[in-house]
Amino acid sequence: MQTKENKFTGFSGNQLKVFAILAMALDHLAWTLWPGYDNKAWWLLGIHLIGRLAAPTMWFMIAEGYQYTKNLKKYLERLFVFAVISHFAYTFCFDISWIPFRSSVLNQTSVIWALFCAALALYVNDEERRSFALTEWQKNLLILLLCLLAFPSDWSCFPVLCSLHIYNNRGNLRKQVLGMLAYISMYVLVWCLCIDVVYGLLQYGIILVWPFMYYYNGTRGNWKGMKWFFYWFYVGHLVLMGLLRVYLYGNGSTIIG
């Protein structure tokens, strides 16, 4: 009797998305159960460190999604629609005004808005796919404007910058990851100077994505419904966290920055 040998063939895109949403949900649950921030609780730091896996995985999958999508228009439309839906779920989750800039210029909307801006930036940067001509300065100006549009969202403009860097360095994992770390150093600096040094340095935890990108096998995965599940899970888990926040604390923001 012969036994079938199971060989590890790497992670599909669907599997990477599952890792990302689990890390994200754990991170947001920590913010909800222990609002604010305690830089002396090592176990809480550990949870937030695991949560750093989510964002760079999303940036990587935006670059992959842009590269392989057969219908860019529908891809952008889907991102835009869920960016709008996620805005209300995000502001409810963390008790932020749904009208931007009432209390801050940071964390005013969800990361999906920044991912939409990132996908647009990839299109602007893509001379082969773009349907209109741009000079180099026009292209750079448009990308700068997209960074400014993404600035008030979760993770600010870095989804735009990092997705572009990942896409432009396809096939060079080391350069992709080190480039992300270089960009995030600006984010870390702002956190360290303006909010909290320990949590600022914790942002370097995005390096956790390295082995997952290394073992990515370039396939989407068998389940075609993952693209919809990912977006609805994102919206749904924010609403559930918001309901839990109201039940536990009533009104009051549970996130810093």
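Good morning. The model is predicted, so local features need pLDDT of at least 70 and side-chain atom pairs count only at pLDDT 80 or more, while totals for chains, interfaces and linings use all residues. Residues are numbered from 1 along each chain as its sequence is written, and side-chain values use heavy atoms, with hydrogens and water left out.

I begin with the salt bridges. The term requires a side-chain nitrogen of Lys or Arg within 4 Å of a carboxyl oxygen of Asp or Glu. How many salt bridges does this rule give? The count is two.

One of them joins Asp 27 to Arg 52, with 2.9 Å between the closest N and O atoms. This pair connects distant parts of the chain: Asp 27 belongs to helix α1 (residues 13-33), and Arg 52 to the loop between α2 (42-51) and α3 (54-68), 25 residues apart. Helices here are DSSP runs of H or I with at least four residues, strands are runs of E with at least two, and both are numbered from the N terminus. Buried means under 20% relative accessible area, exposed means over 50%, and partly exposed lies in between, for a 1.4 Å probe and protein chains only.

A salt bridge also links the side chains of Glu 136 and Lys 139, at 3.3 Å from N to O. Both residues lie in helix α6 (residues 136-150), three residues apart, or about one turn of the helix. Glu 136 is partly exposed, at 47% relative accessible area, whereas Lys 139 is buried at 9%.

I turn to the aromatic residues. Rings of Phe, Tyr and Trp (its six-membered ring) pair if their centres lie within 6.5 Å; planes under 30 degrees apart are stacked, those over 60 are edge-to-face, and the rest are tilted. The structure holds 27 such pairs. Among them is the edge-to-face pair of Trp 31 and Tyr 199, with 5.6 Å centre to centre and 75° between the planes. Trp 31 is in helix α1 and Tyr 199 in helix α9 (residues 197-202), so the pair links parts of the chain 168 residues apart. Both residues are buried.

Phe 82 and Trp 228 have ring centres 6.2 Å apart and planes at 55°, so this pair is tilted. The pair bridges helix α4 (residues 72-94), which holds Phe 82, and helix α11 (residues 226-249), which holds Trp 228, across 146 residues. Phe 82 is buried at 4%, while Trp 228 is partly exposed at 41%. Trp 228 also has Arg 78 over its face, 5.5 Å from the ring centre. For such a placement, NZ of Lys or CZ of Arg must be within 6 Å of the ring centre and within 35 degrees of the ring normal. Likewise, the charged end of Arg 129 sits over the ring of Tyr 66, 4.8 Å from its centre.

Finally, the annotation. An unreviewed UniProt entry marks "transmembrane region" at several ranges, including 16-35 and 228-248; positions follow the numbering used here, feature names are shortened, and annotations may be inferred rather than shown by experiment. Residues 16-35 are 90% helix and 0% strand, with end C-alpha atoms 28 Å apart. Residues 228-248 are 100% helix and 0% strand, with end C-alpha atoms 30 Å apart.
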